[in-house]
Amino acid sequence: MKRFWLIVLTGSLVALAGCHSFKKENIQPPTPLAKDFKPTVQVTRVWKTRVGHGAGMSGVRMQPTIVDGVLYIASTDGAIEAFDAASGKQLWEKKTRTHGWFGWGDSKRPDAFYSGGPAVAGDLLAIGTLDGHVYGLNAKDGSQRWMIALPSEVIDSPTISGQLTIVRTQDGRVYGLDSNTGDRRWVNDQGNVPLLSLRGNGPLLVANGVVFFGSDDGKLMALRLDSGDKLWEQKLSTGEGRTDIERMNDADGSVLLDGTNLYAAAYHGNLTALDGPSGHPMWARPFSTYTSLAANGNSLLAVNDDSQVWAFDKSSGADMWKQDGLKYRWLTGPAVQGDYVVVGDIEGYVHWLQIGDGALAARERISKKAIRGQPVVAGDLVYVVDVEGHLAAYRLGAK
């Protein structure tokens, strides 16, 4: 079980930014944004709201989930809400709080420290918490259907696949829970996980009866959905280096599936394309990242650990372009909105880059607080949330 987590990169830099501590020799200041920047595409903010106090200093990447035109989002201080994704109209809200000792007093604490984000399928909403609980709620009104306690915190969104809800905990275990009752159906224990690790887990990908995810020791894992048994594993990073920091090799981003091909990457590791059924690598190239990937056509889009945005050829891994203009701005993982790549940064800016050549095309600011969660695109809107719970929806137009 992890006895120590290191919140590095985006997590610690958020704290450092608040204290104006970029003068430390081992911390690079964010690249200044050009004051005379002229956008080449129009961006319109369609709506904006706030949900609780967001992720705060938890280090969790909070993201909304959008299903059938409804946006669901939660915060670590016990708020969970549903909105009409197009208009921002609130559909329902639930807040869990205990008021002081024995129900009285001035202090307040949440009963549910929601984390990661909700997963929704049909009328079930599943979400984990920082104190190791998983809740099954009614997606129509937020009422509780079931709850289960697990031995470690859940900091990323569960994944619902039919009668099973798949959940990963910070101690290296993956659980298959009954979607109707929350009862445990199986557990896969990876054994010992590194004592020193990045704060975070990549989202679980379920496809063709298989659960795919990146591990804390730099592996891409494939489990049987029905039993949790391991099918195969493939190293994304060797974990080599002279210091504990250099040997950290978490695979904390999403695993992409394109046809039968998988794409995954690791911190201090490689960007790798694999054959999904067998797990055999097709190509690999050195690339260090702690965020998720995105794809568009034949382009594979990624942000490295210096916050340089890259595009690679999916079939070979060859470079297509690199954008240095946002270096050290500790970007989120990329999302694709039309012909543009969207990323958020540590100072609350949202940036749009042209997919064709990586040129900076537009920027907006949601707040002065860091954006950690990967933007989410649904229809013609992209949704962005910062660490204090400010949530905004943006649409692109002609310039």
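Two strands count as paired if DSSP finds at least two bridges between them. Strands here are DSSP runs of E with at least two residues, numbered from the N terminus.

What we have is a predicted model, where local features need pLDDT of at least 70 and side-chain atom pairs count only at pLDDT 80 or more, while totals for chains, interfaces and linings use all residues. Residues are numbered from 1 along each chain as its sequence is written, and side-chain values use heavy atoms, with hydrogens and water left out.

I'll start with strand β21, residues 261–265. Four of its five residues are buried, that is, under 20% relative accessible area with a 1.4 Å probe, protein chains only.

β21 has a partner in β20, residues 256–258: the two run antiparallel, joined by three bridges. Tyr 263 of β21 faces Leu 256 across that pairing. Two residues separate β20 and β21 in a hairpin, and Gly 259 in the turn has a positive phi of about 65 degrees.

β21 also pairs with β22, residues 270–275, antiparallel again, over five bridges. There, Tyr 263 has Ala 273 as its bridge partner. This hairpin has four residues between its strands, with His 268 in the turn at a positive phi of about 55 degrees.

Now to another site. Asp 183 lies in the loop between β14 (173–178) and β15 (184–189). Is Asp 183 buried or partly exposed? Its relative accessibility is 40%, so Asp 183 counts as partly exposed, the class between 20% and 50%. Beyond its neighbours within four places in sequence, Asp 183 contacts Gly 176, Leu 177 and Asp 178, contact meaning heavy atoms within 4.5 Å.
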